[in-house]
Each structure stands twice: as structure tokens, then as C-alpha cells.
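Me: I've got a structure open and I'd like to learn how to read it. Can you walk me through it?

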Amino acid sequence: MKKLLINGELINTERLIIEQKDILIDGGYIKGVLDRGALPYKQEDIQCIDISGRFIAPGLIDMHVHLREPGAEYKETIESGCLAAAAGGFTGIACMPNTEPANDNSTVTEFILSQAKKRGIVRVYPVASITVGRNGLNLTEFGELKRAGAVGLSDDGSPVKNSEIMRRALEYAWYHKLTVISHCEDTDLSNGGHMHEGSISARIGIKGIPSISEEIMIKRDISLAEFTGCPVHIAHVSTEGSVHAIRLAKEKGIPVTAETAPHYFTLDHSAVQGYNTNAKINPPLRTPADVQAIKKGLKDGVIDVIATDHAPHHMLAKEVEFDQAAFGIIGLETALPLCLNLVREGVLSLPQMIKKISLQPAIILGIQGGIIKEGEKADLAIFDMDEEYILRKDDILSKSRNTPFIGATLKGRNIFTMIEGKIVWSRDSKYPCC
Amino acid sequence: MNVFNHKNLLDMGQLSVSDINLILQTAESFKEISSRDIKKVPTLRGKTVVLFFHEPSTRTKTSFEIAAKRLSADTFSLSSSGSSMVKGETLIDTAKNLQAMNPDIIVLRHSSSGAPHLLADKISASIINAGDGSHEHPSQALLDLYTIKEKKGRIDGLKVAIIGDISHSRVARSNIIGLQKMGAEVTISGPPTMIPHDISELGVAIVNNPSEAVLNKDVIMTLRVQLERQSKTLFPSIKEYSNYFGINEKTLSRAKEGAIIMHPGPVNWGVELSSQVGDSPCSVILDQVSNGVAIRMALLYLLLGGVRSEETAN
């Protein structure tokens with residue numbers, strides 16, 4: 001049966017405007033983006049779904065997620081990660097290769113895709129590792145990985161330390177049209193550090209991770225991209241200096257793109273005070289000046305993408321001494337309200353913000369989605385801009401609950417998520433799942 | 001009102017000026033006990049103090065143990081090598097098991113900054129931080145404040161130089177906070193590799209060269225070069241450290257007349273401090289040790305003394 005989404009506010013990520021349009025869906029595809037009421041609402045062969053007061057975004061796409069399967073299913077599975085994603089409004093997630101074993105060969109890539117097909121309710125895009133075992137030494141089989149379904153390459157969690165290997169990776173990935181996502185960190189500078197090196201680390205006696213450990217590697221990767229002409233995507237940008245370096249590179253026309261995560265424009269290093277291990281992340285939460293620079297980078301288009309770096313950890317890895325705790329927080333279920341804060345603060349317009357978390361990552365990864373128009377698959381997120389709620393531990397659908405936002409009041413909430421016209425997840429019984 | 005409203009002593013940041021004054025006064029009244037022929041009072045009879053030392057310590061542990069015993073508390077020692085932590089038990093687990101045996105106070109020394117804070121949230125016994133990683137060592141700062149007051153008659157308005165590895169020193173951190181609260185002016189000194197980034201935001205002056213840092217100072221506090229801890233990048237050799245950053249009689253002659261020299265111990269003689277300085281009348285290093293017992297008696301007493309209101313007890 002055809003479906004007609006009526007009375008919603010449609011977010012156009014191409015023209016960057018909000019339109020009062022109805023959407024006709026048939027066979028999983030968008031058949032028409034119609035003027036309000038252009039098609040009569042009462043027809044026998046059309047199911048009308050009234051979403052007045054809500055916004056319709058293209059299904060959100062998170063290009064930086066850790067799903068933990070295979071290997072650490074006690075933290076997250078492909079199934080639970082997909083559920084958390086759908087609840088957050090995501091219809092596509094790219095999963096990082098730091099699993100056990102690492103996604104460094106086509107068998108693992110195929111396993112992830114087959115699990116996703118069997119158990120996942122959103123689209124899963126595997127990112128394979130750049131080097132075998134993520135050891136920074138030997139390139140993986142990019143061609144074979146691409147054939148198996150990988151959309152990008154990254155040794156995320158560890159940088160490729162050797163500049164010659166990174167150079168060859170960029171060149172060879174370009175040939176196979178695979179996006180290289182670089183985790184930028186000079187580990188000689190950062191090793192042994194557990195939070196941002198600054199006034200708070202000095203006060204509470206935790207070894208710091210200096211901003212320059214990120215910035216030096218970003219500058220190296222920019223040089224490699226400039227020299228080779230091959231694109232590089234910088235993961236989880238957290239510092240003012242990084243934004244500045246990327247800004248200069250873009251002005252010179254160097255093929256570099258970049259992402260940041262919601263926590264880097266929401267929290268600063270003071271969140272760590274009291275040794276809060278749920279604020280322990282790599283790269284670490286930085287200073288208020290860095291937070292401002294990240295926002296400016298988003299506003300000016302220096303930072304193309306918002307991605308969550310969703311990193312589930314068991315509570316046993318967090319309820320320990322701060323310097324023993326694992327790095328990382330979950331983000332799929334809190335991304336939308338935190339990103340909507342950018343809109344409320346006037347940093348980005350709503351369409352600009354949605355574009356950075358849908359169309360833009362789709363373009364960078366070379367995948368479908370991120371746009372609502374005739375002929376596209378009907379992957380959609382319908383959300384409420386103003387609903388306020390307190391995030392409670394028990395409401396989290398991810399297997400892990402490691403987030404500094406538990407107990408925080410969040411504003412804006414995904415109501416239901418559609419994939420190919422089917423409601424795959426809904427928090428409102430008015431819009432039941434298929 | 002002399003009320004000590006704290007369940008735990010985790011760091012100097014939690015103490016108000018009147019809290020600190022109360023601790024110093026209480027220590028004063030306890031100090032005499034240690035010079036008696038029979039060095040024991042029944043004040044804490046029936047109380048249990050666990051000394052949970054997760055890192056090697058002689059001085060602090062002994063000091064707490066003597067303090068507890070002079071107040072008639074029962075003490076029980078636990079080190080990480082003798083505990084189940086070597087079998088992989090987590091800190092929280094070990095502490096919860098300890099809690100199940102109902103001690104009144106756990107004195108914790110741990111290599112991780114924030115470890116006592118982690119436990120304070122989870123268990124009902126009082127926690128005394130006896131040194132956590134590079135964070136704080138509040139009982140050391142309190143005994144230092146006591147010693148300074150004893151020797152100089154006041155703390156307010158004094159100029160203090162703290163010299164050495166500030167980055168890794170919990171003694172330095174606690175003293176910076178404590179001295180500033182009590183109105184002293186703090187200068188830190190040492191090679192740039194040992195001065196934390198952005199430490200000036202704590203309101204301290206930074207003068208790298210010790211010869212300049214000691215100028216006009218009332219108190220010179222030197223820190224132990226932690227040979228066992230420091231990575232190779234902080235200074236090239238002991239000899240070079242001693243030549244450029246060690247304190248000798250010549251350096252000391254530039255301080256204010258009557259300046260005292262302190263050290264939390266154990267001293268690497270000939271490295272951060274020349275033995276001549278240690279033997280000179282301006283050294284108060286052994287007074288610090290004696291005063292440590294009085295301060296720790298005061299802390300145990302105040303935390304167990306029942307003068308804290310029920311509200312903060314929860």
C-alpha cells in the first residue's frame with residue numbers, strides 16, 4: 001500500500017530550506033514530494049500518516065560508529081547498535097574496524113554485512129582497516145574489501161604512524177574509490193594521557209593529552225593529501241588548532257574533509273572533574289575555546305560532518321580508577337538533541353545541521369541517502385524539535401550506558417524512523433512499526 | 001563553632017580555612033601525647049582503621065598507624081601485593097569487601113589519581129586520601145602547614161617556593177591549594193619539563209631557575225625526584241638535575257633570612273638537596289615527620305569524633 005506523510009515540515013538538504021510538503025511513498029521509494037494537500041488525503045489505496053508539528057529529515061547517517069561485533073558482543077552487537085541507531089533517527093551507520101578480529105579482510109566484512117542483514121534494522125556500512133590487524137605495517141586488500149562491501153578505510157583507534165604507509169594508503173584507496181578516515185594522534189605525545197592537557201589536568205593530577213598530538217597528525221595528513229592529490233577525511237576533530245589547519249588546507253584546495261562529534265561542541269574538559277570516567281574520551285574533551293572553535297568550524301563549513309564516534313563500553317570498564325578506564329562514550333541516541341542545540345544557538349540552520357549528519361557523510365562515503373526527493377529510497381527520520389526529556393539509564397537501547405548525558409535534560413527527539421517506507425522503530429503508538 | 005563536617009578527607013579543595021584551622025588546633029592538642037611516657041589515650045577505642053596501601057610507603061603508613069594506635073584504635077594493614085587485587089579483583093570490589101567487615105576509616109594510598117574519590121561514592125566508611133597518583137596528599141600538606149605555622153608563627157602573607165617535579169607531585173598540588181587558602185604566596189620552580197601546562201591558572205608564579213625562585217622566600221619546599229617514576233624525557237641525568245636544580249647552601253643563602261627548608265621525604269641526598277642543607281638549622285624535615293603523627297591523630301579524631309552532622313554524613 002502507498003503511504004502519504006502529511007502535514008510535516010520537510011528538511012531539504014540540497015536547497016537547505018524547510019518546505020511544507022507531503023511525501024508519497026510507494027514500494028519503498030519516494031514517489032513524489034508534493035505541495036501540501038496536492039493529493040487528496042482520503043483515498044482507499046493510500047495510508048495517510050499525519051505528522052503535523054514534526055519535522056521530516058532524510059534518515060540520519062552516522063559515519064563513525066563502533067559496533068563491537070565480532071569480538072566484544074557484551075558491549076554491543078550489530079543488532080543492538082542498529083536498534084540504538086534507529087531510535088536516534090539514523091538509517092545508516094558506518095562501523096569502524098576495531099573489532100576482534102579486526103575488519104581487515106573480506107571475510108569479516110561479509111560477516112558484518114550478513115549479520116546486519118539478518119539482525120540489523122538500519123543500513124550498516126563496514127569501514128575496513130587500512131593495515132592488517134590495524135598494526136600500521138601492511139596494507140589490507142583494498143580491492144577485495146571494496147568488493148565485499150566496505151565503504152571506507154580506517155585504523156580508527158590507532159593512527160597509521162608511518163607516513164610512507166599512510167601515503168601509499170591514500171594513493172591506493174583513491175584508485176579503489178574508498179574513503180580514508182584518519183584517526184589523527186601522535187601517540188608519542190599522547191601515550192599515558194587520559195584527558196586534555198590543560199588547567200584541569202594540572203589541577204586533578206591526570207596525565208594530559210596535548211592538543212598538538214592531534215594537530216601534528218592532521219597537518220601531516222594534510223601534507224600527504226596535498227602531495228598525492230588523494231582525499232583524506234579527518235575523524236573526530238576536537239581542537240581549535242585542528243580546525244585552523246583544516247581551514248587553511250581547504251582554502252588551498254587540498255582534498256580534505258572533516259568530522260566532529262556532538263560531545264566536542266557540547267562539553268569541555270571540566271566535565272572530567274570528579275574523575276568522571278563517562279567523560280573520558282579519545283580525543284579528549286578540550287577547553288571552552290576549543291568548543292567555540294569547533295562551532296565556528298561547523299558554521300563556516302570547515303567541518304563537513306557530525307558523527308557520533310559511538311563507543312560502547314561495559315560498566316566494568318568505566319567503574320574503575322580514571323586512569324584505568326576505557327576511552328569512549330555512546331552517542332547514537334543523544335546525537336539529534338545535541339545537534340539541535342546548534343540550531344537553537346544559531347550556529348547552523350536546521351537544514352545545514354541535518355545535511356552534516358545525512359547528505360554530507362553519504363557524499364564522503366559514496367553511499368546513497370541523505371536526501372528526500374523523488375526516486376530516492378524512503379529512508380526517513382521524523383522528529384520533534386521541542387520535546388524535552390531527561391535521559392535515563394534504563395531508556396538507553398544500546399547495550400552499554402557509558403554517556404555523560406545520563407540525567408541531563410535533552411531537547412528534541414526522534415519520533416519514528418523509516419527504512420524503505422517501513423516504520424522500523426517508533427516511540428509513539430500512533431505510528432506503529434510494520 | 002568548631003565542627004568538622006566531612007565524611008572523608010579526599011583533597012585540600014574540600015577544606016575551608018576554618019576546617020584547616022580546626023585541624024591544626026586539634027593537632028596541637030594531640031602533639032603532647034607523643035612526648036608522654038605512656039603514649040596512648042583511649043579516645044578511639046573500639047574503632048577500626050584500615051590502612052589500605054596500594055603503593056609502597058613507609059613514612060605515611062607508619063605515621064597513620066602510630067597515630068591510630070596512640071588513640072587506641074585497632075589498625076589493620078592491607079597492601080595490594082597481599083590483597084586479592086593481585087588476583088584481578090577490582091578496587092571497588094576489594095573496598096566493598098572491606099566495607100562488609102565494617103571498618104570506620106579506610107586510609108587509602110593508590111597510584112591512580114581519583115581512586116579515593118571513586119571509593120568515597122561507593123562505601124560508607126570514611127576515606128582518608130593518603131596520596132592518590134599525581135593528584136593530592138592532603139595529610140602531608142596539613143602537616144606542612146602545621147610545621148610552617150609552628151616555625152614561622154603564621155602562614156598568612158608568607159612567601160613559599162616549591163621546587164622540583166611539580167607535574168608528578170601530589171605533595172605540591174595539595175600544598176599549593178592549602179598554602180593559598182591560608183594566605184601564602186606560592187612560587188613553583190623546576191625544569192620546564194616538570195611544570196604542568198596551564199598550572200599558572202591555579203594562581204601560582206612560575207620561576208624555573210631555583211636560584212631565582214628562592215629569592216626573598218620564607219619557606220623553601222623541595223620535592224623528591226622520583227627516580228622510580230619519571231620517564232626518561234623529563235631530565236637527562238641525575239647529575240645534571242643536581243647541578244641545575246638541586247638546592248645547596250649557596251642557593252639557600254639567597255632566600256630570606258631565617259627561611260626554613262622542607263621536604264616530604266624520603267630525600268635523595270645530593271640530588272634535590274645537599275646533605276649540608278639537610279643538616280643545617282634551617283632544615284625542619286624531621287619536625288615535619290613528628291608533626292605528621294599529630295596531624296594524623298587530629299584527622300582520625302575529627303573524622304570519627306561524631307561532630308559531623310547527619311546530613312553530610314549521608
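Me: Why does the radius of gyration of chain A agree with that of a compact globule?

Reply: The radius is taken over C-alpha atoms, and the globule rule is 2.2 Å times the number of residues to the power 0.38. For 434 residues that rule gives a value near 22 Å, and chain A has 21 Å, so the two agree. Along its principal axes, the C-alpha trace spans about 65 × 45 × 45 Å.

Me: Anything to keep in mind about the model and its labels?

Reply: This model is predicted: local features need pLDDT of at least 70 and side-chain atom pairs pLDDT 80 or more, while totals for chains, interfaces and linings use all residues. Residues are numbered from 1 along each chain, chains are lettered from A, and side-chain values use heavy atoms, without hydrogens or water.

Me: What percentage of the residues of chain A count as buried?

Reply: Buried means under 20% relative accessible area with a 1.4 Å probe, counting protein chains only. In chain A, 62% of the 434 residues count as buried.

Me: Which residues have the most contacts inside the largest nonpolar core?

Reply: Nonpolar side chains tend to be buried together in soluble globular proteins. A nonpolar core is a set of buried Ala, Val, Leu, Ile, Met, Phe, Trp, Tyr and Cys residues joined through side-chain atoms within 4.5 Å. Here the largest has 74 residues, and Ile93(A), Leu350(A), Met353(A) and Phe383(A) have the most contacts inside it. Leaving aside residues up to four places away in sequence, Leu350(A) touches (heavy atoms within 4.5 Å) several residues, including Ile11(A), Phe55(A) and Phe383(A).

Methods
Buried means under 20% relative accessible area, exposed over 50%, partly exposed in between (1.4 Å probe, protein chains only).
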